[in-house]
Amino acid sequence: MASISVPFLSQAPTHLSNSTSLRLKTRISATPTPTPTPTTVAPSSTAAVDASRMEPRVEERGGYWVLKEKFREGINPQEKVKIEKDPMKLFIEDGFNELASMSFEEIEKSKHTKDDIDVRLKWLGLFHRRKHQYGRFMMRLKLPNGVTSSAQTRYLASAIRQYGKEGCADVTTRQNWQIRGVVLPDVPEILKGLSEVGLTSLQSGMDNVRNPVGNPLAGIDPHEIVDTRPYTNLLSQFITANARGNTAFTNLPRKWNVCVVGSHDLYEHPHINDLAYMPATKNGRFGFNLLVGGFFSPKRCADAIPLDAWVPADDVLPVCQAVLEAYRDLGTRGNRQKTRMMWLIDELGIEQFRAEVVKRMPQQELERSSSEDLVQKQWERRDYLGVHPQKQEGFSFVGIHIPVGRVQADDMDELARLADEYGSGELRLTVEQNIIIPNVENSRLEALLKEPLLRDRFSPEPPILMKGLVACTGNQFCGQAIIETKARALKVTEEVGRLVSVTQQVRMHWTGCPNSCGQVQVADIGFMGCMTRDENGKVCEGADVFLGGRIGSDCHLGEVYKKRVPCKDLVPLVAEILVNHFGGVPREREEEAED
């Protein structure tokens, strides 16, 4: 099969000096391996779908993909905004600079410009915080595989420092940075600065492909299956056309998530991605089996399912393009709660969906899945927090805990300094909102662990209940969040830790609303914000409590354990759950046993 060649961004990956044994191999073979004739899709599997349903709903006009007039009945408001003006025109045709020069008073006078700041700017990674930070924006970056440099981190610190208490940054559940407090007139200069350090925020929100996730230990893990960085970099560069904007994939029916698995631990959470690449060999060739359709939404959550397809490593991009085009062309655009890719798969059936992907492959060929899966099924997921040896002799990585992912400008500067002084000038972000400092010489570990930042704020060895704590933005900044999450998650966890002792890590995730940015369904215990009533009938903040989510090879989504619990009543309930389901011991009983 033909391979798609995408040049890398000018920013090169960090390499260590020749005096070290570290060599981070990130080259994908440019020579495609010959593929055998694929198994064809049985005609009987596609007969149930009307042929007219397979007509693409979008077409290219003047460089942009537009919804055809015949398919515009019953579309959602966001689709109407896209039809009125393609959001990418703000970037590609330089419409943003004019918008940034306008006062908010001028902007508010027109529905068109209001839609620009509230909807279309999300294609540039800018989210207006109209409800809680009027006039300020959150900016979401692209950071494939969660790998970032000290120079990038320092630049982001400088960008948020100017906003004082309004400025901060968050590590996200897609190995990414979000910076907060940004004001519109500053954005042109910030975008220029991002470009200079090899970053972009383009196509990171709304109906776009989100940050490609990979193994946070890629290239340094003694047990890794494959280094995921080349693949996630290629995917990101292909999807954004090297940060110039790729309009072929900016008018999807809804957001779309992708990951490349490189670890037995499944740090990448493949079961909740729209497309997951699962490493597998076939007839002596390395490649990937494919999972499709995993997602969260307020109305439905679904695990990814097998596409019954395997691609050689050189065809990572062609199959991504084919899946995206099938979704873009055929996905419905009505109720936004029913427009994620799994809804299309359900409608067509997995074989018909697969057939549509095959049609869009370069040679209209797609091999069936391989039985030679490289991910070990019986594998105990490792804790990456703390100090761990790398595959490179004499070096270690240090995983540090970032409480609920929140950092300030000074924290970012210190993290950059530590990466330079003790490592290779590189940091790794994880989907659990933590950070890894790789490539630390073992002789330097003791000094690193004594650094004030690691002793006082970002510990490599946090309390056991804090280790797996994740929280979305919450209503401090997010207009969709129903409750405050980050401070409350820390407070509840601290109070529960004073009541109950546990010997195993318990992953607790908080999300402020049913959109589940905090991914509560994959947690051991999850909290989804809602409004409820207390014992006196007074309206108060509450949470639906989820139980039983699993990650790893036995992954499955958790289910609601108890609905509409007032937040003030969560501590005793969580303590009870820990005792009944996770072997927790009440502190009083533990103290009595010690006596």
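Which residues touch the most other members of the largest nonpolar core? In this core of 57 residues, they are Leu121, Leu156, Trp177, Leu184, Ile400 and Ile435. A nonpolar core here is a set of buried Ala, Val, Leu, Ile, Met, Phe, Trp, Tyr and Cys residues joined through side-chain atoms within 4.5 Å, and buried means under 20% relative accessible area with a 1.4 Å probe, protein chains only. Helix H12 (residues 409-422) supplies the largest share of this core, six residues; helices are DSSP runs of H or I, at least four residues, numbered from the N terminus.

This is a predicted model, so local features need pLDDT of at least 70 and side-chain atom pairs pLDDT 80 or more, while totals for chains, interfaces and linings use all residues. Residues are numbered from 1 along each chain as its sequence is written, and side-chain values use heavy atoms, without hydrogens or water.

Back to Leu156: leaving aside neighbours within four places in sequence, Leu156 is in contact (heavy atoms within 4.5 Å) with Leu141, Trp177, Ile179, Leu194, Leu199 and Met412. There is also a second, separate core of 51 residues, with Phe238, Leu252, Leu290 and Val292 among them.

Now for a helix pair. Helix H10 (residues 341-348) packs against helix H11 (residues 350-359) at about 110°, with axes 6 Å apart. Axes are lines fitted to C-alpha atoms over the stretch in contact, and angles run from 0 to 180 degrees between N-to-C directions. H10 and H11 are therefore roughly perpendicular, a label for angles of 65 to 115 degrees. Met341, Leu344, Ile345 and Leu348 of H10 meet Ile350, Gln352 and Phe353 of H11.

Definitions and conventions. Buried < 20%, exposed > 50% of the residue type's maximum accessible area, 1.4 Å probe, protein only. Helix = DSSP H or I, 4+ residues; strand = E, 2+ residues; numbered from the N terminus. Parallel < 35°, antiparallel > 145°, perpendicular 65-115°, else oblique.
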